[in-house]
Amino acid sequence: MTVPVSLIGISKAFGSFKALDVVDLDVKAGEFVTLLGPSGSGKSSLLMAIAGFLQPDAGEIRIGDKDIVGIPANQRNIGVVFQSYALFPHMSVRENVAFPLRVRGVSRAEMAKRSERALQMVQLAGLDDRRISELSGGQRQRVALARAIVFEPSIMLLDEPLSALDKNLREQMQIELRDLHKALGLTMIYVTHDQREALTLSDRIAVVNGGKIVQVGTPISIYTRPTSAFVAEFLGEAILLPIDYAKNIVPQSMRPAGSVSQLMLRAEDLRIGSAPQGAAALCGIVRQCVFQGDSWLLEVNLPNSLSPMRVRAQQADGEAMSRLTNGDSIDLFVNHDRMHFL
Ligand code: ADP
Ligand code: MG
């Protein structure tokens, strides 16, 4: 059974420090929502409050239609996976995975059947008798996942579960987590400080900063239409230009009517060359031009002592890039539909 989760006005202070500052969030049944934010922003505290390991000072946590704030952690039917796997090193894989069932008094036969199924789901079938110390990091994290799903929780909470793995394995596990979410249909709340991981995994992302949720939305909406400079810069490479400068390059009809103070461009949306119809032209002086494999990083000085702009030039522009030297003047353009105002 899959259930929705609602957080209503959750606050938590440590002394005078507000770790969680009136947090509201609605997660739909079966949804994958990621809490994304810098270290110390309050992500783990929020997850621990939902799990029942941290008592909030104020607020309600609703699972289905029940407020669970007073209910002990072990009665919340929530599967939890941490960054440190917290496995029992002296037990075998099978014993680790079966542990939550043993605590719940499930019969031996049922325990064997369900553990087997959980291990299959995380692609560890056949490793039942291995000791934890004989497993790789990725395999250990799979055991932790199997242990969290074996008792068929209605919600799963994951706190930076992949951050100890190297990049390739982490990306592979992200795809596996997506598959697992699809297969189980569980409500999942996932914590990470890695924006690409959040974009890859989530139905929706809640961006956390300073104990508050500052924006919630789909990966595409958060990335393309951030509502603050913080979100713009935390998700990807943003170019923020003051509105006075934007007025010179963007026709009035393209600017929003309300009060805005900045034009945001994504570093990868700028192209080299003179602007075609429907695009804004920018020109500047090349400060740096660095080849980075999949793209080129270009730093461009703009007029009027604006801070240098970092452009992510694509391979398609590679030939033009390789001919650039510091001090060259350069014409760039960006399509009007890639512009966003804050
Ligand atoms: P995140 O997971 O986003 O890195 P945390 O939720 O772990 O952030 O922590 C948020 C803030 O609350 C941090 O500044 C942290 O130092 C503080 N904090 C967390 N737990 C405690 C605690 N038990 N006592 C005091 N301060 C804490
Ligand atoms: Mg944390």
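This is a predicted model: local features need pLDDT of at least 70, side-chain atom pairs count only at pLDDT 80 or more; totals for chains, interfaces and linings use all residues.
E134 is partly exposed, with a relative accessible area of 47%. That value falls between the cut-offs, since a residue counts as buried under 20% and as exposed over 50%.

Now step back and take in the whole chain. How many helices and strands does the secondary structure of the chain come to? There are 10 helices and 18 strands. Along its principal axes, the C-alpha trace spans about 75 × 45 × 35 Å. The chain has 342 residues, and 48% of them count as buried.

One helix deserves a visit of its own: α1, which covers residues 43-51. Eight of its nine residues are buried, so the helix is largely enclosed by the rest of the structure. The buried residues are K43, S45, L46, L47, M48, A49, I50 and A51. After α1 comes G52, a residue with a positive phi, near 100°.

The helix α1 also leads us to ligand 1. Which residues are around ligand 1? They are F14, F17, A19, P38, S39, G40, S41, G42, K43, S44 and S45. Sorted by class, this shell has four nonpolar residues, six polar ones and one charged one. Both β2 (17-27) and α1 supply at least two residues each to the shell, and α1 gives the most, with three residues.

A polar backbone atom of G40 is 2.7 Å from one oxygen atom of ligand 1. For S41, a backbone N or O atom lies 3.2 Å from an oxygen atom of the ligand. S44 takes part through its side chain, where a polar atom lies 2.8 Å from a ligand oxygen. How much of ligand 1 does the protein cover? On its own the ligand has 560 Å² of accessible area, and the protein covers 57% of that.

From here, turn to the aromatic rings. Searching the whole structure turns up four aromatic pairs. One of them joins F32 and Y190, and its ring centres are 5.6 Å apart with the planes at 40°, so the pair is tilted. The cut-offs make this clear: planes under 30 degrees apart would count as stacked, and those over 60 as edge-to-face. F32 sits in strand β3 (residues 32-36) and Y190 in strand β8 (residues 187-192), so this pair ties together parts that are 158 residues apart in sequence. Are these two residues buried or exposed? F32 is buried, at a relative accessible area of 1%, and Y190 is buried as well, at 0%.

Our last stop is where charges meet rings. The charged end of R147 sits over the ring of F88, at 5.5 Å from the ring centre. In another place, the charged end of R266 sits over the ring of Y223, and here the distance to the centre is 4.1 Å.

Notes:
Residues are numbered from 1 along each chain as its sequence is written. Chains are lettered from A and ligands numbered from 1 in the order in which they are written. Side-chain values use heavy atoms; hydrogens and water are left out. A residue is near a molecule or strand if one of its heavy atoms lies within 4 Å of it. A polar contact is a pair of N or O atoms within 3.5 Å; within protein, one must be able to donate a hydrogen and the other to accept it, and residues adjacent in sequence count only if both atoms are side-chain atoms. Accessible areas come from the Shrake-Rupley method with a 1.4 Å probe; for residues, only the protein chains shown count as cover. Helices (H or I, at least four residues) and strands (E, at least two) are DSSP runs, numbered from the N terminus. Ala, Val, Leu, Ile, Met, Phe, Trp, Tyr, Cys and Pro count as nonpolar, Asp, Glu, Lys and Arg as charged, and the others, Gly among them, as polar. Rings of Phe, Tyr and Trp (its six-membered ring) pair if their centres lie within 6.5 Å; planes under 30 degrees apart count as stacked, over 60 as edge-to-face and the rest as tilted. Buried means under 20% relative accessible area, exposed over 50%, partly exposed in between (1.4 Å probe, protein chains only). A charge sits over a ring if NZ of Lys or CZ of Arg is within 6 Å of the ring centre and within 35 degrees of the ring normal.
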